[in-house]
Amino acid sequence: MSYLTLPDGIPDFTKAVISMWFRVPLSSINAAIAQAAADGDTAPRLSGIIPLLTFGPLYEGYKIVDSYVVSGSYTETIKSFDGSSYHVVSSNTFPYSNRAYSVGAATEVNPSFIGVFCHEYEEGVVTAELGVRIQMSNFGSGSWLYMEQPVTIGNKVTLGTVTGETSPPQDTAWDYALNACFRDGVTPDGPWNVSHGEVDTTGIFAPKDGPDAFVLGNSIAVAPDKWHHALISVDLSRGEITASGQKTIFDYPDCSLGDSSFNRVIVSDEIVLAVSNPAKMWIAFDDVNFVGDGGISGRAPFTGGLGNNDVAPENAYQAATGANSTDMHMKTWANTGCVEMWTNTTTFGMPQYEYDPTPVPAYGHVLGIPAVPDLLDRIHPVEMAELQIFTGVTLDTSDTAKRRAFIDADGKPVNPADAEALLGKKPDVLLHGSGNWIHGNNTGPPDVPDPITGNPIPDPAKALTPTGKIVAYTPDPSLGGDQGPSPSLSRSQAATCQ
Amino acid sequence: MPDDLRYFENPYTGLLKEYHTGGLAVHFGAAAGPPIDTVSAVRLTRKSHELSNAS
């Protein structure tokens, strides 16, 4: 496969604007789907994704191995009562376990990329969707985002047969089998205590997918064999992002004989369920500003604090939608003759996550078009044109006048100088014209004098390195003009792509 | 500078910038072919041959 590389990448950034034209053949979509199927559970980078642009480090995460570890045992005894004393009928000991987590095998984490997710959710129905990922270098921190409630089980003593004229002691509890508050005999050494503690497992779960990332979390359909224009901007300069969820403590007051119901009451309820100070991402696809149900994140309005262009790391979304709750205690009949006292500690916290974006790691790492050499086997045939990458600036793609600096009203590329003028700076990468693409001439940065002629030439130090066969393609990009050849419609007829 | 570029004056900055008059797009593909530097070498060889013929 052919590709272009920029060995030192682009500068680290907190703001960026990227404009590109691309065209994805249906055959490439099918190939990516087949490749993902072959990947199975190995989940290599860019599985099922046709890359268009990748940059930044290739981080690793890890799998979490969970195992059940025996943490104690309890004895279950059945006693009879003859009117004066108790006799053991049977006694058995049962071990019980709790889950333990440990770091397992390394996993691959996607780099920053713009690409196309390819799926075949059902036979013959192909979908392709725009994918955008900005992979950061640092981790956020959180607490009670993930938690475990290990159980402790006490000995269980059940009253079996009762003879004689003297009654054993009695207890009162809710009986779900009878759906009533019930009073019956028990042994003096009851009730059966079952309790839960809490363990904050955020420290192992939150970082498992590598450093935090910002992604397009919604669906933007990419039709095969057609030119598309993607205009993407991010603003990660807004400072720390915080997210909090909900913590609720319930209780079941002990029932009294004659009660018709056994209702849970709320003891306390702390509710935030929101992301504060999210980062921003704007996308216009095919000259239409994306305003989707759920917004860029795919989470709004189901997550507090998120508007259409707000984004946050996945862990922040988890915190903002996470609800930790427990029942303080509940007294019920485990079975006739044994009351179960279910108690939980309530000292856990509400889900929280904080992430302070550092600049996106890009400089010193190879930028690849469509992908870096390390991901060579993930490159599929694509057509591309008119790539512009600006760092240090943002663009609100809802502003039609600003989009006109990249795409005209007829759906065709405009002079790249328009974008430079609009944004007030030169692009870090400009690949304009098939000749420059083929030779890797990056005409974005300022020209330098030709050492021989003195004429201005593109800075060789900022040039991209072409590898493999990159060939000119016609027709030129446009939304409404000639789109070039379409392959067999045998599968695309069923495609859900637009 | 590729042949399909010409200069124009940026109306915003007054600077001369290259403006593309030819094709804009490329294909990254699986089609078998020599790497681009080999293509250049082939072209150079052809030119050398033409020069050789001319002489």
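This is a predicted model: local features need pLDDT of at least 70, side-chain atom pairs count only at pLDDT 80 or more; totals for chains, interfaces and linings use all residues.
**Exercise 1. How many bridges join strand 17 of chain A to strand 20 of chain A, and do the two run parallel or antiparallel?**

Residues are numbered from 1 along each chain as its sequence is written, while chains are lettered from A and ligands numbered from 1 in the order in which they are written.

*Step 1.* Find the strands. Strands (E, at least two residues) and helices (H or I, at least four) are DSSP runs, numbered from the N terminus. Strand 17 of chain A covers residues 227-235, and strand 20 of chain A covers residues 279-285.

*Step 2.* Look at the pairing. Two strands pair if DSSP finds at least two bridges between them. Here there are six bridges, and the strands run antiparallel. Val234(A) sits opposite Met281(A) of strand 20.

**Exercise 2. Which other strands does strand 20 of chain A join, with two bridges to each?**

*Step 1.* Go to strand 22 (residues 310-311) of chain A: two bridges tie it to strand 20, antiparallel. Ala279(A) has Val311(A) as its bridge partner there.

*Step 2.* Now try strand 21 (residues 288-289) of chain A, which is also antiparallel to strand 20, with two bridges. Ala284(A) is partnered by Asn289(A).

*Step 3.* Check the turn. Strands 20 and 21 of chain A make a hairpin with two residues between them, and Asp286(A) in the turn has a positive phi of about 55°.

**Exercise 3. Why is strand 20 of chain A largely enclosed by the rest of the structure?**

*Step 1.* Apply it. Six of the seven residues of strand 20 of chain A are buried, so the strand is largely enclosed.

**Exercise 4. Which residues touch the most other members of the largest nonpolar core?**

*Step 1.* A nonpolar core is a set of buried Ala, Val, Leu, Ile, Met, Phe, Trp, Tyr and Cys residues joined through C-beta atoms within 7 Å. The largest one has 104 residues, and those touching the most others are Met20(A), Val116(A), Phe214(A), Met281(A), Ile283(A), Ala316(A) and Met384(A).

*Step 2.* Zoom in on Met20(A), found in strand 2 (residues 15-23) of chain A. Met20(A) counts as buried because it has 22 C-beta neighbours inside 10 Å. Two residues are in contact if their C-beta atoms, placed from the backbone, lie within 7 Å. Skipping neighbours within four places in sequence, the contacts of Met20(A) include Leu52(A), Ala230(A) and Met384(A). Leu52(A) is 32 residues away from Met20(A) in sequence, with 9.2 Å between their C-alpha atoms.

*Step 3.* Do likewise for Phe214(A): leaving out neighbours within four places, its contacts include Val234(A), Ala279(A), Met281(A) and Val311(A).

**Exercise 5. What pattern does chain B follow along its sequence?**

*Step 1.* Count the elements: chain B has one helix and three strands.

*Step 2.* Read them in order and you get β-β-β-α.

Key: A residue is buried if 20 or more other C-beta atoms lie within 10 Å of its own, exposed if 12 or fewer, and partly exposed in between; C-beta atoms are placed from the backbone.
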